[in-house]
Amino acid sequence: MVRIGNIEVGEFPLLLAPMEDVSDPPFRAVCKENGADLMYTEFISSEGLIRNAEKSVQKLDIYDYERPIGIQIFGDKIESMRQAAAIAEEAQPELVDINYGCPVKKVACKGAGAGILLDIPKMQKMTEEIVKQVSLPVTVKTRLGWDDSTIKIVEVAKRLQDVGIKALTIHGRTRVQMYKGVADWTKIAEVKNHPDIHIPIFGNGDIDSPEKALEYKNKFEVDGIMIGRASIGYPWIFNEIKHFMKTGELLVPPSMDERVRTAKKHLEFSLEWKGEKQGIYEMRRHYTNYFRGIPNFKPYRTRLVESENPEELFGILDEVGGIFEDAYSMA
């Protein structure tokens, strides 16, 4: 059983990655329903939290059915991060997670996210202050390094463990790579198999199928896997991986009825949580993946991403279910 502090997360937990504008409560709801063991909020700006910015505060929303869940924060100032951790703890998650991995320019080039990989002593000090501040387990998500010449991930892991983090997730790319190229899990394995590392090590990057998940579990011996992009519009991946690991057999892909039902549930919660305008807008990124591989679906996708009316959207989804059900079942 893998434990993060005193929290049991399963024998080989599957984690939903914190993804900006994706890992919100509506999306987390459908991922939890489909087998995610541990989830994180979207990353939250420490400066936004301490200034009580509406968008940042809203991201603190968590629901009992999501548990266990971690709130992830990011920032470049130690004092702001310490205060933000205290605010996050008040929302009563199971974990506080620190983002040391975001590669986007507006974050990393200001010294937050993956930018702090250029200043490992500061990373260690910031982490230490957050661990001291909260009573909850603190975890970290990071990358291998800033670029190929600055990869010191074993040293980073040891330093962070020394100041008290309870688990580490490593994305197998550098900041310079962004999301290009292939994630290097051999360096994740170096951390996991180092004799001085005793906390759970989770791997992240390129897991997009049950077969690959099992291969990487066996080959790199990580304690669990974090899944990001492959879950967008396809929350079934968690249960598919679990079933394959248990039986060696692939689950039948979700039926058209299940795809429509899940998309409607996601849309309904999105409208409820974000309001009509934002809820409709932010659902648009998900439709392509919910119905990926369906022949002749493009006209319906166009209607889904162009509609600004909730009733019309639910009607289109019902129409999709009726029109494509037979064709999909025969595919």
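The lining of the largest pocket splits into 18 nonpolar, 12 polar and 13 charged residues. (Ala, Val, Leu, Ile, Met, Phe, Trp, Tyr, Cys and Pro count as nonpolar, Asp, Glu, Lys and Arg as charged, and the others, Gly among them, as polar.) Keep in mind that this is a predicted model: local features need pLDDT of at least 70, side-chain atom pairs count only at pLDDT 80 or more, and totals for chains, interfaces and linings use all residues. Residues are numbered from 1 along each chain as its sequence is written, and side-chain values use heavy atoms, with hydrogens and water left out.

**Largest pocket**
- A pocket here is an open set of points on a 1 Å grid over the protein atoms alone, where a 1.4 Å probe fits, with protein on both sides within 12 Å along at least five of seven lines; lining residues have an atom within 4 Å of a point.
- This one holds about 1000 Å³ of space, a volume being the space filled by probe spheres set on the points, which are joined across faces, edges and corners.
- Its lining has 43 residues, and E20, F43, N99, C102 and V104 sit nearest the centre.
- β8 gives the largest share of that lining, 3 residues. (Helices are DSSP runs of H or I, at least four residues, and strands are runs of E, at least two, numbered from the N terminus.)

**Second largest pocket**
- Its volume is about 220 Å³.
- Among the lining residues are D21, E42, K55, W273 and R285.
- The lining divides into 2 nonpolar, 2 polar and 7 charged residues.
- α12 provides the largest share, 4 residues.

**Nonpolar cores**
- A nonpolar core is a set of buried Ala, Val, Leu, Ile, Met, Phe, Trp, Tyr and Cys residues joined through side-chain atoms within 4.5 Å; buried means under 20% relative accessible area, with a 1.4 Å probe and protein chains only.
- The largest core has 94 residues, with I73, L168, W185, I225, F291 and V320 making the most contacts inside it.
- Another core, of 5 residues, lies apart from it and includes F43, F74, C102 and V107.
- Neighbours within four places in sequence aside, I225 touches F12, P13, L14, L15, W185, G203, I207 and A213 (contact means heavy atoms within 4.5 Å).

**Helix α7**
- In α7 (residues 153-162), the buried residues are I153, V154, V156, A157, L160 and Q161.
- These residues cover an arc of only 160 degrees around the axis, so they end up on the same side of α7; the arc is taken over directions from the helix axis to the C-beta atoms.
- They pack against α6 (120-133), β8 (138-143), β9 (167-171) and α8 (185-192).

Methods
Buried < 20%, exposed > 50% of the residue type's maximum accessible area, 1.4 Å probe, protein only.
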